Amino acid sequence: MVKGPLDGIRVIDFSRFMIGPLATTILGDMGADVIMIEDPLSRSAAAGWYNQRANDKRRLYGALQRNKRSIFLDLKQPRGREILHKLVKSADVVVDEFRPGAMKRLGADYPTLKKLNPRIVACSMSGYGQTGPYRDIPGFDPNWLAVSGFLDLFGASNGEYVLPGAPVGDYTCTMFGVVGIMMALYMREKTGKGQFVDVGAADALTYWVGARHWPLWLAEAKKPLRGKRCTNIWRTKDGGHMVFSFGIKVFWDRFVEATGIDKKYLEYWEDRGSGEVVDYLPNAARIKTRIAESNAAVQKAMLTHTRDEWARIFKKADVCFSPVYDLAESINDPHLKARDMVVEFKHPSGKKVIQVGNPIKLSGASSSIRLPAPKAGEHTAAVLKEIGFSAKDIQALNKAGVTG
Ligand SMILES: CC(C)(COP(=O)(O)OP(=O)(O)OC[C@H]1O[C@@H](n2cnc3c(N)ncnc32)[C@H](O)[C@@H]1OP(=O)(O)O)[C@@H](O)C(=O)NCCC(=O)NCCS
């Protein structure tokens, strides 16, 4: 079986929540051997989050633990550390998402790892990074959304803030973490040495906000307006919704044509296109009136057909439209299925299981689902054997509570 581009790379994974496990899933999908280190005493608040011990349906369908093996290792015991240090010698990457300092207390901080294996790439993905005044503050997605200014871009411009329904800040950190790991592995090819990768979720989101939204503020001292984009979501006859991204004039023109609204609205593009800066323009009041007028005309037209009827019309018209899906519709979407984003594999229990596919499509290799989510500690004996422990040692370690 083609395992993927990271076949031969071993990853030791201390992460449990979202940022880290998603990153190591990406690496595992691409062929890496990911070994999760589980605390037999579940001392971390994170231990229960994905409920490693429960063999419930969610784990069956969950992608966050697939392609990973799990071992128990009590790192507060010297023998647990010895085992970890042995394992590190056979590894390429170590990932954690503890608060700064926890890895040192576990005897697994980068200076220690580097002494054991100078080729190791250690990546800490945390909320605020390893330095700076916030580094010790615990946190979750909304915290980094807030600090980075990302949250200030959502919701009605004069209304309450709205939290996105998914932890987009965590996902951002995941992606930068994976990119950082790949860069360090690439550099290792040239230097023969590993390095430490420090990625903070607040930094990751700030990068996004800074790249797109800082210029208006820095150049003209104007704050980006919350919830303002030159796009809209419309209700259709059947109670469905359709989203349009006009972006450039040609799509507005085609949209006006396809909806059959008055041709005078073709001229309104200039105003609609001003999107997120409208309040700052000298003729803001007039622009707002014209946007409201064209919005009312579009909404009236949209109520004359069902969502799927409009989808056919807009496909023909070549505009940037999408029906707004719920999860069930998304999972059944023919395009996403054709892109292998909805994949089926045979679980060892005999069940056919659907999980999300990997979005990275390489022409020279492929991602795969080789292992289902493990039970906590499922692979302890197998991994210990691989790194040289005898059956007798393994039994003794288990009895002493080091690995079980
Ligand atoms: C998620 C978070 C809030 C949890 O905080 P927490 O419950 O205080 O716990 P931590 O995960 O930092 O540390 C847990 C403890 O378990 C211990 N532990 C973890 N694995 C262990 C093992 N295998 N053996 C022994 N002890 C272990 C750690 O050493 C630590 O103990 P210590 O502080 O006494 O040294 C915190 O880790 C954090 O802010 N992380 C960064 C951001 C993040 O990932 N947020 C979640 C995004 S979805």
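H1 passes H7 in a right-handed crossing. Handedness here means this: a crossing is left-handed if the near helix is turned anticlockwise from the far one by less than a right angle, and right-handed if clockwise. The axes of H1, residues 19-29, and H7 come within 8 Å and cross at roughly 45°. Axes are lines fitted to C-alpha atoms, for helices over the stretch in contact, and angles run from 0 to 180 degrees between N-to-C directions. H1 and H7 are therefore oblique to each other. For the cut-offs: under 35 degrees is roughly parallel, over 145 roughly antiparallel, 65 to 115 roughly perpendicular, and the rest oblique.

Who meets whom? On the H1 side we have Ile19, Leu22, Ala23, Ile26 and Leu27, and they meet Asp170, Tyr171, Cys173, Thr174, Gly177 and Val178 in H7. Contact means that the C-beta atoms of two residues, placed from the backbone, lie within 7 Å.

Now the ground rules. This is a predicted model, so local features need pLDDT of at least 70, side-chain atom pairs count only at pLDDT 80 or more, and totals for chains, interfaces and linings use all residues. Residues are numbered from 1 along each chain as its sequence is written.

Overall layout next. The protein has 16 helices and 11 strands. These are DSSP runs, numbered from the N terminus: helices are H or I with at least four residues, strands are E with at least two. Its C-alpha atoms fill a box of roughly 85 × 50 × 40 Å along the principal axes. Among contacts with a separation of 6 or more, 72% join residues 24 or more positions apart. Of the 404 residues, 35% count as buried. Buried means 20 or more other C-beta atoms within 10 Å of the residue's own; exposed means 12 or fewer; partly exposed is in between; C-beta atoms are placed from the backbone.

On to the sheet. It is open, has six strands in the order S3-S2-S1-S4-S5-S6, and pairs in parallel. The edge strands are S3 and S6 (196-200), each pairing on one side only. Pairing requires at least two DSSP bridges between two strands. Neighbouring strands of this sheet are turned by 20° against each other on average, direction ignored. H7 comes back here: it packs on the sheet and touches S4 (93-96), S5 and S6. The direction of H7 makes about 165° with that of S5.

Look at the two ends. At one, five bridges join S5, residues 121-126, to S6, and the two run parallel. Cys123 has Val197 in S6 as its bridge partner. At the other, S2 (residues 33-38) and S3 also run parallel, joined by five bridges. Glu38 stands opposite Phe72 in S3. S3 covers residues 68-72 and is mostly covered, with four of its five residues buried.

What about the cores? The largest nonpolar core has 62 residues, and Val11, Leu27, Val93, Val94 and Cys123 touch the most other members. A nonpolar core is a set of buried Ala, Val, Leu, Ile, Met, Phe, Trp, Tyr and Cys residues joined through C-beta atoms within 7 Å. Take Val94. Leaving aside neighbours within four places in sequence, Val94 contacts Ile12, Val88, Ala108, Leu113, Ile120 and Ala122.

Most residues other than glycine have a negative phi. Asn67 has a phi near 55°, a positive value. Asn67 sits in the loop between H2 (57-61) and S3. Is Asn67 buried or exposed? Buried, because 27 other C-beta atoms lie within 10 Å of Asn67. Ala221 also has a positive phi, near 55°. Its place is the loop between H8 (201-220) and S7 (231-235). Ala221 counts as exposed, because it has 7 C-beta neighbours inside 10 Å.

Last, the chain start. Pro5 is in the segment before S1 (10-13). With 18 C-beta neighbours inside 10 Å, Pro5 counts as partly exposed. Which residue sits 360 positions from Pro5 along the chain, with C-alpha atoms separated by 6.1 Å? That is Ala365. Leaving aside neighbours within four places in sequence, Pro5 is in contact with Met30, Gly31, Leu362 and Ala365.
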